[in-house]
Amino acid sequence: MAAFVAPFMVQLAPSAFVLTPRMPMDKLSVQVPVTGSMGQTPSLRATKGSGKGESSSWSSSAPACSVLLAAFAGAALAVSDRRRRFSRDGGGVARRGKIATSPHEAIPWWQRMLKVKTETGVGIWAEKLNTTQIFESTDAAGPGKVTNCTILVVKRGGNIITNKKWPERHGYYAVEVSYDRYIPEDWERETSGRRMRLKHLENLDLPYLKKAKEFRVRPQDFEKWEIGQKVVVSEQFKEGDKVQILGRSQSKGFQGPCKLWNHVRGPMTHGSKHHKRYGSLGSSADQGRVLPGKKLGGWQGDKTVVDKGRKIMKIIDNIDEDNMPETIIVVKGSVTGYSARKDQGGSYVRMHHVNNRDDGRFKRDPVWMWFTKKEEGTDPYVPLKNQAWTWKTYWGRDLRWIAGETKKYWPDGFPGYDHSADPFYDDCDPRKALKAPEW
């Protein structure tokens, strides 16, 4: 079926930045007085031209030009040093007290160029216990198909919210989840990073927790969580949900290319003397070196692995028995990491809902272009699935945060603008604004 593109523009409030008027270059004349005697210091001043037709004149000499070049070089070094300090200090902290006169001064370029991320929602920490097999129920008669599964457990104490971040201070919404109570050792109190972490938990009157991870959330989910609150697994996840599990793979040490990259050895018979010897590694005349990325022997394992699309088969929560974990989660398929041993638990893994673009988390952005069916009796405001392009950021800031700040001063909408097609306002036209039910 043929389709066409329907443009749809979202009206945004004017920028809050005010550009300072600058003097045009054709109206400037730089005068450098010639030094008359030893000891006189040349002075620089910029004067505005009188009007049209007047050309800027330069009067200079060798010492004056050298002074001018030295001044420009010093200014360039100062700007570069300030930029280095600004990037090293982490962005907005160095310019917090500065009045922005243009958008690029308030928002660094590396924030404007960042790839927009999907909020994963609040996740949990767990530990890998072991693997098992269960019969997956089907519609047909019989026990069903045998499915390989992995058992994840959450120890007593569970996952606790230990920190929150918001756009006004940190630039985004996030919730930190910590797990696994323990008694810190002496070296942790001597290390600066660990010492600050332990002091943060002490100030919040929370127990010492070994693992911590930050999860980005949506604004409406941000208000649901408070510091010190416990994450209940059965409320956050349901049986049948697709989740994404991140863990650390098993370390297998230094391995050769045959095991690491599945290279094939040479023939072992008929007089071949090239069994496991390496062949050519690169050209000798032109390059004269081994190009980066050549698959040679190296360390195998001990890397972060993401297991996507794992289905939750069973959740047993709030177990109140001795020598038993608090929660048992059975997921379909394999999960990276070590299984539990006699004297210690398995590998730590963190789990959250899978980043799916079709589950409603991308429908809250203003749509500006989409495809629709080209036939009579079809509503042009109903886009085809996966065929819509949206705005997610404006000058590096989340559009939902900008709309929330605008509503603080203009709850009924920005004066003089038509908000019927703006999905961020309650009085909008749901049809023209393509307002999804998930909003």
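Two strands pair if DSSP finds at least two bridges between them; strands (E, at least two residues) and helices (H or I, at least four) are DSSP runs, numbered from the N terminus. This is a predicted model, where local features need pLDDT of at least 70, side-chain atom pairs count only at pLDDT 80 or more, and totals for chains, interfaces and linings use all residues. Residues are numbered from 1 along each chain as its sequence is written, and side-chain values use heavy atoms, with hydrogens and water left out.

**Exercise 1.** Find which strands stand at the edges of the open sheet.

*Solution.* 
- Start with the order of the 4 strands, E8-E7-E6-E9, with antiparallel pairing.
- Now look at E8 with its partner: E7 (residues 174-181) pairs with E8 over 7 bridges. Here tyrosine 179 stands opposite lysine 211 in E8.

**Exercise 2.** Work out which lysines form salt bridges with aspartate 180.

*Solution.* 
- A salt bridge puts a side-chain nitrogen of Lys or Arg within 4 Å of a carboxyl oxygen of Asp or Glu.
- Lysine 155 meets aspartate 180 at 3.1 Å, N to O. This lysine sits in the loop between strand E5 (145-154) and strand E6 (159-165), 25 residues from aspartate 180 in strand E7.
- Lysine 210 also meets aspartate 180, at 3.8 Å; lysine 210 is in strand E8, 30 residues away.

**Exercise 3.** Decide whether aspartate 180 is buried or exposed.

*Solution.* 
- Buried means under 20% relative accessible area, exposed over 50%, partly exposed in between (1.4 Å probe, protein chains only).
- Aspartate 180 has 6%, so it is buried.
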